[in-house]
Amino acid sequence: MGAAPSSPGHSEKRPAETAEYLVGTFVGEKSFPLGSDFWQKLLELPLHLRWPADRVREACQLFAQNNSCTRHLAKILIHLAQCLQECMSVSGAPLAAYVKASNAAYISSVFLKHLIENAQSNSVEGLYLSLNASEPIPPDFVVDQNVEHLVMHNVLKFIGLVDVSPNTCSLHQELLNFLFVALSTQLLYAPTPGPTDMNPFIDAAMTQESSLVTMVVHRLLLNYIMRPRIALNVGTYLPFGEAGQPGVLQRVGSAAANLVLLPFNYLVSSNGQGVRNPLAECSLHVLLILNYYRKCNPGDESITDTSDDSGTSDSFSKSFVENPYCKALENMRDIDLDRVDIEKNAHNPSVVRLPFASLFDTLGMCLTDETAALLLYTLLNGNSDFLEYVLVRTDVDTLLMPILETLYNTSRRSSNHIYILLIILLILSQDSSFNASIHKMILASVPWYQEHLLHQTSLGSLMVIILIRTVKYNLSKLKDLYLHTTCLATLANMAPHVHRLSAYASQRLVSLFYMLSRKYNKLAERIDEKRGKGGLVEENDLTLDMSAELHIYADFLRIVLEILNAILTYALPRNPEVVYAIMHRQEVFQPFKSHPRFNELIENIFLVLDHFNSRIDAQKEDGEWSVEKVLQLIISICRSWRGEGMKMFTQLHFSYEQESHPEEFFAPYIWRLTFSQCGYTFDPSAIILFPPDLPLVEGEEGEQTTRHENGELKHHAVLLDV
């Protein structure tokens, strides 16, 4: 793989059949026609040799120089398509056919990746995916001149059509690796798609017929559910050559791992989640990449403004081509319901059918993983059938418990992960039956909760506790406005349906009001200190920021007061512990009794306080009141509570609406997860999709920002409507 393309080892006596000679010839100046037996020899190689990183890099550079003349990339992609067709043409294809296809996919991936990473001016025209006009075509070889469509059709067809088995498992893995490379042209462009973006392979995937898209989505999800395993003694794909020796490009040494695609020899994840399944994980990542891809309509060139120096465009002026993978996920149905399908479309080939029960259980086991949470969000937000299925499950704790435990460990999770989980809870809380059912499910214990012994606590009470804890953590660490809003919105949706909220959860709720009120009062005092003698606030950036923050905390306080009002108005008899907690800390509400922004909401609270205080004071008690006696008396008074005089407020109901251009957040987010979880790497200097200097691993901490370029959540993508 040196300067001499026909003999990289500088030995003219080496036979043409050797790996070094053939790969050196592949990257060299000489162009071999499609019908040459050179390609068969290359793809049948038992690539034994160990090549160091610098030689792999040298080979890629030499290939890049010569590919415009040789068109060897297009040719090996055509041979990859042909090999896959051979594997699909007969049932039980010979092992040699899978070896050839794996070699073709792997070699294609290595050199295609280098070309994409080094594309000039973010243009992939330098891939030279078409054949020269003078290229001789063998008579038995039918070639579609659109090479990217041909290879993507056969790759996707193999994935969707061929079952994963011991013989095919490694080839499935290698094709997923290839897809990562082929789809990575997305990394060369900004998050907001432009009409001039060139993504030939992913665009080709978008133009496949709906029946093929359905098969691919079905297979990728099935891989995720079934989690088929590759034998531990096998590398990236099937063993080649004698004694199970892996391929030459596969065995380039750990230093070159980032040059040769995906190192799948890991067994334990970075966050200690135990044994991971490469095929399942990569299937999910590929599915999410396909699902959140958006392509501009060609007619958008005239309305896209990219004239400013920021390099951004008016994404709201764009329209996008329909994404068939997104549509397939949205229309997915439960296979068990299809057996008695009323709509008579059980045999519609364009509908993905999966056992929702198995998908539900798999997600429950994997929700500590960020990508699993993203899949659950995608399904709940986009697929009404799956959302309905989750809501009618009687064991919704299968999903909620890992979500709540992950939120409990907020400091060890990325802010995006936390936010996706909170949105999931918000979506679920929009359903009144869900809010009612979680309070009927009693947990014997919650061993991972360390601050307080939670014994015989309802799932609803635990959810309240964790949401409040998340708000408090966010106030001290992340200080993210939309995280606060999402937590409080979920609590507001739950409030009218609260049933027997635990003592600890009730105390936390009142404590939340106290904490927010202290921050509100401190800000108000600081603003007062800056008032001049004339009572005017000095208008500068600091005071404007403080005034805006004061307004935000006022809104938060109102929502918490709305939550307390909803419980007292609609569910007081069922929640004596809430009454006790308010009575125990009634002094925290006193400063707001005459506040013009809060007095109407405070009135109901003091109406309840006056009612219960007067009845307790009327009771004669020898000695001191104990907590148990006071609580028993409150329970007794609750039974006769009729709510006379209570002012009825319209129930707050918050709903989640995904922003109209979700790809601005999800495309960078998914690719960053792919880097951190699937071992895929890319030249950081070539990445435009997001700043490559950001941490790419789970557990990152830091304040979220509204800049979508950094791969963090773009806040205006979440709309909370009352």
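The chain exposes about 30,300 Å² of surface, and carbon and sulfur atoms supply 52% of that area. This is a predicted model, so please hear every value as computed from predicted coordinates.

The secondary structure comes to 26 helices and eight strands. If you take contacts between residues at least 6 apart in sequence, 76% of them join residues at least 24 apart.

Now some individual helices. Start with helix 1, residues 19–27. How many of its nine residues are buried? Eight are, so the helix is mostly covered, given that buried means under 20% relative accessible area. The buried ones are A19, E20, L22, V23, G24, T25, F26 and V27. What covers them includes helix 2, at 38–43, and helix 3, at 53–70. Helix 4, at 72–89, and helix 5, at 95–117, are also part of that cover.

Helix 23, residues 576–584, has eight of its nine residues buried, so the rest of the structure largely encloses it. The buried residues there are P576, E577, V578, V579, Y580, A581, I582 and M583. Note that the list includes a glutamate, E577.

You will find N154 in helix 6, residues 147–161. Is N154 buried or exposed? The relative accessible area of N154 is 5%, and because the cut-off for buried is under 20%, N154 counts as buried. Which residues does N154 touch, once neighbours within four places in sequence are left aside? They are A81, Q82, L84, Q85 and M88.

On to charges. The structure holds 15 salt bridges, and I will go through some of them.

One is between E86 and K100, with the closest N and O atoms 3.6 Å apart. This pair links distant parts of the chain: E86 sits in helix 4 and K100 in helix 5, 14 residues apart. The two partners fall into separate accessibility classes. E86 is partly exposed at 36% relative accessibility, whereas K100 is buried at 11%.

Another salt bridge joins E587 to R585, and here the closest N and O atoms are 3.5 Å apart. E587 counts as partly exposed at 47% relative accessibility, and R585 also counts as partly exposed, at 25%.

Then there is K647 with E600, where the closest N and O atoms are 3.7 Å apart. Where in the chain are the two partners? K647 is in the loop between helix 25, at 627–639, and strand 7, at 655–658. E600 is in helix 24, residues 599–617, and the two partners are 47 residues apart, so the pair links distant parts of the chain. K647 is partly exposed at 39% relative accessibility, and E600 is partly exposed at 29%.

Salt bridges can also share residues. D361, R393 and D395 are linked in a network of salt bridges.

There is also a patch of positive charge on the surface. Which residues gather in it? They are K477, K479, R518, K519 and K522. To place one of them, K477 lies in the loop between helix 19, at 459–476, and helix 20, at 481–494. K477 has a relative accessible area of 53%, and because exposed means over 50%, K477 counts as exposed.

Last topic, the backbone. Most residues other than glycine have a negative phi. Y128 has a phi near 50 degrees, a positive value in a residue other than glycine. Y128 is in the loop between helix 5 and helix 6, and at 33% relative accessibility Y128 is partly exposed.

R500 is the other one. R500 is not a glycine either, yet its phi is positive, at about 55 degrees. The place of R500 is the loop between helix 20 and helix 21, the latter at 503–529. At 59% relative accessibility, R500 counts as exposed.

To go back over the main points: helix 1 is mostly covered, with eight of nine residues buried, and helix 23 likewise has eight of nine buried. K477, K479, R518, K519 and K522 form the positive patch on the surface. Y128 and R500 are the residues to look at for positive phi. That is what I have.

Technical notes: Residues numbered from 1 in each chain as written. Predicted model: local features only at pLDDT ≥ 70, side-chain atom pairs only at ≥ 80, totals over all residues. Heavy atoms only, no water. Buried < 20%, exposed > 50% of the residue type's maximum accessible area, 1.4 Å probe, protein only. Helix = DSSP H or I, 4+ residues; strand = E, 2+ residues; numbered from the N terminus. Contact = heavy atoms within 4.5 Å. Patch = residues over 30% accessible without salt bridge, like charges linked within 9 Å, V, L, I, M, F, W, Y side chains within 5 Å. Areas by Shrake-Rupley, 256 points an atom, 1.4 Å probe, with all protein chains shown as cover. Salt bridge = Lys/Arg side-chain N within 4 Å of Asp/Glu carboxyl O. Lys, Arg positive; Asp, Glu negative; His and termini not counted. Charge placed at Lys NZ, Arg CZ, Asp CG, Glu CD.
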